[in-house]
Amino acid sequence: MDSASVCVKFTSTNYSTWAFQFELFLKGKDLWGHIDGTNVGKPSTFDKSQDVGSSPSWAMLDARIMSWLLGSVEPHIVTHLRPHRSTQSMWAYLKKVYHQDNDARRFQLEHVIVMFQHGSLSIQDYYSAFLTLWHEYADLVTADFLMKLRPEYESVRSSLLNRSPVPSFDICFGELLREEQRLSTQAILKQSHGRRGPPMHSQNLQCFCCKEYGHIAATCPKMFCSYCKKKGHIIKECRIRPQNR
């Protein structure tokens, strides 16, 4: 069965991981439209003279996706889905019931990570299970970090949050530094061209690194690398960081 490609089985406590994998699974088959509503049910325009098996109808495809979905969840959850007669309806139900807001999920993940033990797992299984938890936790922390940015960073924040998956913390940090530089340059240009409104003095600029006012991260005298913990440079310029070599 094709649902074997969905390795993570939904157990009612791993919605985010399962949903992420199932979404990629359907997108890889160009069938995500059955979930997001871009491919809604409609009368088939299939030419009856053609081989029936060569062009499955919308209903047939939707039934196939439902069978994949049912095959990727625990048996007790299948019972909950019996009243639903479309993939979109099943998906909406699972999201409504099992999807948690960031605060609740983060608290749960913190507890699970603290209590997680090697036990009888092999090193490979132990590593994989822990890494899955950690990646989901890191995504939530990154999202919280972005949500607390000042309003002037709204455009870059929206861009980062709308990506799937949300970029890593380092990538977000790098893009925010560039946005800070852009905003600073824009403010200087406005001032030099004598545009209306109060001038943007350097004292009003806040550094992304040290949080002090009067300069930006690129010229910060307290520049600090969060990777090697040394002063004088930022993480994207760190020479010992593998990604920068």
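The tour goes from the whole chain to single residues.

**Before selecting anything**

This is a predicted model, in which local features need pLDDT of at least 70 and side-chain atom pairs count only at pLDDT 80 or more, while totals for chains, interfaces and linings use all residues. Residues are numbered from 1 along each chain as its sequence is written, and side-chain values use heavy atoms, with hydrogens and water left out.

**Whole chain**

Colour the protein chain by pLDDT, the predictor's confidence in each residue from 0 to 100. The average is 78, and 79% of the residues score at least 70. Next, show the secondary structure, where helices (H or I, at least four residues) and strands (E, at least two) are DSSP runs numbered from the N terminus. The protein chain has nine helices and zero strands. Among these elements, mean confidence is highest in helix H3 (residues 58–71), at 92, and lowest in helix H6 (residues 102–115), at 75.

Select residues 42–54, where pLDDT stays under 50. With contact meaning heavy atoms within 4.5 Å, the model has five contacts beyond four places in sequence for this stretch.

Now show the surface. The protein chain exposes about 15,800 Å², 57% of it supplied by carbon and sulfur atoms; the areas come from the Shrake-Rupley method with a 1.4 Å probe, and for residues only the protein chains shown count as cover. Of the 245 residues, 33% are buried, where buried means under 20% relative accessible area, exposed over 50% and partly exposed in between (1.4 Å probe, protein chains only).

**The cores**

A nonpolar core is a set of buried Ala, Val, Leu, Ile, Met, Phe, Trp, Tyr and Cys residues joined through side-chain atoms within 4.5 Å. Select Trp-18, Phe-22, Leu-26, Leu-69, Trp-91 and Leu-94, which touch the most other members of the largest core, a set of 22 residues. Helix H1 (15–28), H3 and helix H5 (87–98) each give two or more residues to this core. H1 provides the largest share, six residues. Another core of nine residues lies apart from it, and includes Leu-146, Val-166, Leu-176 and Leu-183.

**Aromatic rings**

Rings of Phe, Tyr and Trp (its six-membered ring) pair if their centres lie within 6.5 Å; planes under 30 degrees apart count as stacked, over 60 as edge-to-face and the rest as tilted. This rule gives 14 aromatic pairs. Select Phe-25 and Trp-68: the ring centres are 5.2 Å apart and the planes at 75°, so the pair is edge-to-face. Phe-25 belongs to helix H1 and Trp-68 to helix H3, 43 residues apart in the chain. Both Phe-25 and Trp-68 are buried.

**Thr-87**

Thr-87 lies in helix H5. What does Thr-87 touch, not counting residues up to four places away in sequence? Select His-34, Ile-35, Asp-62, Ile-65 and Met-66. Thr-87 is buried, with a relative accessible area of 0%.

**H7 and H9**

Select helix H7 (residues 123–147), where the buried residues include Leu-133, Tyr-137, Leu-140 and Leu-146. Then select helix H9 (residues 169–192). Among its buried residues are Cys-172, Phe-173, Leu-176, Glu-180 and Leu-183. The buried residues of H9 pack against H7 and helix H8 (154–161).

Notes
Expected span 1.5 Å × (residues − 1).
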